[in-house]
Each structure stands twice: as C-alpha cells, then as structure tokens.
Amino acid sequence: MTLDFTLTPRDVLFFRDARPMDTAKARRKNLRLIGHGAQWPRPDLLYSAVMHALLGGPDTPEETLYGANPDLRVWGPFPEKAGRLFLPCPLDWDMRVACLPEGTTDLPAPLTHGFLDRTLGKKALPAWIAIEDYARYLTGEVAVGEAPPAEALWQAEPRVGTALDDRRGTARRAPEAMGAQWQMEVLRLAQGVTMRCAVEQAKADALVGRDVRFGGQGGTVRFDRATGEGLFARLEALPKGAPSRWVRWTLLAPALFMKGWYPNWLDDAGRVMLPTEAVARRPGEPRAAWRQRARAEWHPFESARLVAACVGKPIAFSGWDTLTREKPTELAVPAGSAYLFECRDVAEAQRLVGRLNLKTLSDLGPQGFGLGICSYRCPVE
C-alpha cells in the first residue's frame, strides 16, 4: 500500500548535520553552539520516523526494528506551498554539454564530456524551484543567463538557553570556559508550507492523523492524507523532452554510492550494468533460485555509458545507533546532481529511461536515497 501524506510540523524541527553537537571551541558571541539543525530533512530521517511510528515507540532499540519491515519504502519529503510542489534545483540549470578533447582536462575516467556554464560569473541558484520551472529545465527551455525564481520556504531560527544542573535542576554554575549558555539553530517552515511524501507499507494507513516524532529535540509532525494528484503521478507527468540518444539522470534526493560520486551500477568504463528489464521474483520462489534465474536472464545494455557528470559538494551526516555507539559519517551525492549517458540509438535510450526514471538507485534505496528523474539531453555539442 502506497499512500501520499502531507506533514505539518507542530513547531520548529531539528535535523542535525555531521558537525559536533557540543564543543567549547565553537563560540558565537560568547554562546556555546550545540546544534546545527536547520537542514531540510533527508529521506532516511523520514524512514526512521515512519518505522518507529509503525513498529515501535521512540524508545524501541533500532536493532530490533531495522530489517523487521522489508516492505517499508519512503519517497521525499518535498516542500509544498499552496498546492505547488517544489523540487531540488538542478545544478546544471543553465549549462551546456560539450565534448572535451582528450588530454585537455583532468576529468576522471570515463568522463569525456563536460557541463559548461553558458554565462560567465557566479550563479546564485535557489535550493528548491517550483515544479513548473523544473518542467522547463527538463525540456531545455531555460533561457541563457536565466536564474530560477526563488521562494522563501523555511528559515533557520536560533534558540538560546542556559545549561541546567542535572542534580539540582537549576542553572548550572560553571566557569566561563565551560559554557553555561548555549545556542542552537532549528528549522521553521514559512507560513503555508508543508512537507509532501509518499510511504509504502502494509500498515501505512495507521499513520493518518497521528503526530510522529521527526528529527531531534522531540519535534513532531502531523501525518494527514494528501489531497489532489499523487506525488508520483505529478513526477511521472513531467515532460522528458524530444527523444534522443542522450539521457540525463537528475537526482531528486541525495544518493549514496560505495565509490563516492560514481554510481555502483556502472563498470570502470562507465557502461550501465543494470539489466534492461528487471527480473521479478515469482511467488514462493526461494531467494537463491531467484538470484540464479536473474543472473541467467540478465541482459545488460549494449552501449549505454556515462559520459558526463555535474556533482555538487557532498552532504555529510552521521548519527547514533544507541546512546554509546555512533554511526560512521556518510558522504552523499547531493540532490540536483546530474549524470549524462550516451546510448547507441533512441530505442536504447528509451529503455534506459525506463530503468532509471523515478527509481531509487543507490545504497539505502528503500530509505529514499538515489531517487532520480530522466530527460533527453539534446543537443550535445
């Protein structure tokens, strides 16, 4: 069961990044900065919130939850305001693609083409753009030098407090060097802005009307059934441009790959190693037998290969499994990054679009990482 939800925060929210939560070295106007939480939530945070809401309370150990619900999948969240959906701004918004002569650049193999700015100077791109502007990007209707319109969807709000003594419950009396006051940044959505997401799980309807913990500091959001056209229906309705043998895959969510920015499903020469058609598991078929049959029926793409990439600064994040065990820091390819593939002909390009479009093709795919949308990139110089 896949349901669309609108998430309405009850108050401010806190989504920390990988920076230290508490350090005496980080001071701002004599306040101890203990939290950078004004980030748009990653999809794995939504996954964790739904998992705890459906399968256990906030104090349930994570090791008893992860893997217990293999059918749980999430997509989003994305900002929504007055019925308008906003998507991450593509990093190649006003760029052209050109073949670069061998030996003239330091591009890593197997890249042979580059995304080049069409205008000189720095560009100030907003983090999110309306879905109507995203449709123009997909069809190549962006004018030279045009900047996508920006809209204030949220703001970072500082919070200041005084550290309390655990035993007395009063203000802590500590030397100045210890930092008796603290400051943190939280996320406050703008007026009329909500979060839109999709959840697939057999018990997803149990979320309707519930307040669910989302992020840190006890922040909650209310899950309501979304009205109007579904999230995936709106994304699938986006145009892809005139069919060509060039396919661009643009990330709508961060992606995690074992090779950093390089997708796991490419070989060292950049060839797409995904099967042209997914081999579905038959009812009651053992997993080992299914995998053996999938290898026998696996037919990779003959010539589709990666030729260019426009990748942003990686997103660093970490966390905790328990109160005493930290998770390793992960580096994710940011949303808005674009990958360009060259195919033998239009027919192969269309098959590639069928395998890439709106699929979560990265590590932690069920948690919403690696969601991308395809378009035909034409012309390529």
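How many salt bridges does the count come to by this rule, a side-chain nitrogen of Lys or Arg within 4 Å of a carboxyl oxygen of Asp or Glu? The count comes to 23 salt bridges. The model is predicted: local features need pLDDT of at least 70, side-chain atom pairs count only at pLDDT 80 or more, and totals for chains, interfaces and linings use all residues. Residues are numbered from 1 along each chain as its sequence is written, and side-chain values use heavy atoms, with hydrogens and water left out.

The chain has 5 helices and 19 strands. These are DSSP runs numbered from the N terminus (helices: H or I, at least four residues; strands: E, at least two). Of the 381 residues, 45% are buried. Buried means under 20% relative accessible area, exposed over 50%, and partly exposed in between (1.4 Å probe, protein chains only).

Side chains of opposite charge can pair when their charged atoms come close. Arg188 and Glu157 form a salt bridge, with N to O at 2.5 Å. Arg188 lies in strand S10 (residues 181-189) and Glu157 in strand S9 (residues 154-162), so the pair ties together parts 31 residues apart in sequence. Arg188 is partly exposed at 30% relative accessibility, whereas Glu157 is buried at 17%.

A second pair is Glu342 and Arg245, with N to O at 2.6 Å. This pair links distant parts of the chain, 97 residues apart: Glu342 is in strand S18 (residues 338-342), and Arg245 is in the loop between helix H3 (231-236) and strand S14 (246-251). Glu342 is buried at 15%; Arg245 is partly exposed at 33%.

Asp133 and Arg136 also form a salt bridge, their closest N and O atoms 3.2 Å apart. Both lie in helix H2 (residues 131-138), 3 residues apart, or about one turn of the helix. Asp133 is buried at 11%. Arg136 is partly exposed at 22%. Elsewhere, a network of salt bridges links Asp4, Glu80, Arg196 and Arg234.

The second largest pocket has 32 lining residues. Trp40, Pro254, Ile315, Pro334 and Ala335 lie nearest its centre. Helix H1 (43-55), strand S4 (73-81) and strand S16 (315-320) each give two or more residues to the lining.

Key: 1 Å grid on protein atoms, 1.4 Å probe; cavity = no way out; pocket = protein on both sides within 12 Å on 5 of 7 lines; lining within 4 Å.
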